[in-house]
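Please have a look at the model first.

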Amino acid sequence: MIGHSVVSVLMLVSLHWFIFLLNLPVATWNIYRFIMVPSGNMGVFDPTEIHNRGQLKSHMKEAMIKLGFHLLCFFMYLYSMILALIND
């Protein structure tokens, strides 16, 4: 969560608006999920709560969406780095 927020702020500071706007909703969602953890839980993904309430399918769906987002970001950052190296 902290790493994603730092990357979002760095993109804002370096004036990469498209990447900042792409990262903003996911960073906001991560912060929201962290703040809304009930007291007594180990964290956002408390294994006992997930299995007790039958929420495994929804958590897996969220994890797959985040995986797709992070893969997209990885290839965008890789492309940007290669482009910057070629232009120098």
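The report below starts with the chain as a whole and then turns to its salt bridges.

This is a predicted model, in which local features need pLDDT of at least 70 and side-chain atom pairs count only at pLDDT 80 or more, while totals for chains, interfaces and linings use all residues. Residues are numbered from 1 along each chain as its sequence is written, and side-chain values use heavy atoms, leaving out hydrogens and water.

The protein chain has four helices and zero strands, in the order α-α-α-α from the N terminus. Helices here are DSSP runs of H or I with at least four residues, strands runs of E with at least two, numbered from the N terminus. Of its 88 residues, 19% are buried (under 20% relative accessible area, 1.4 Å probe, protein chains only). Among contacts (heavy atoms within 4.5 Å) with a separation of 6 or more, 53% join residues 24 or more positions apart.

Now to the charged side chains. Two salt bridges turn up in the whole structure, each a side-chain nitrogen of Lys or Arg within 4 Å of a carboxyl oxygen of Asp or Glu.

| Salt bridge | N to O distance |
|---|---|
| Glu 62 – Arg 33 | 2.4 Å |
| Lys 66 – Glu 62 | 3.3 Å |

The Glu 62 – Arg 33 pair links distant parts of the chain, with Glu 62 in helix H4 (residues 56–87) and Arg 33 in helix H2 (residues 17–35), 29 residues apart. Both Glu 62 and Arg 33 are buried, Glu 62 with a relative accessible area of 13%. Lys 66 and Glu 62 are separated by about one helical turn because they lie four residues apart in helix H4. Together, Arg 33, Glu 62 and Lys 66 form a network of salt bridges.

Terms used
Buried < 20%, exposed > 50% of the residue type's maximum accessible area, 1.4 Å probe, protein only.
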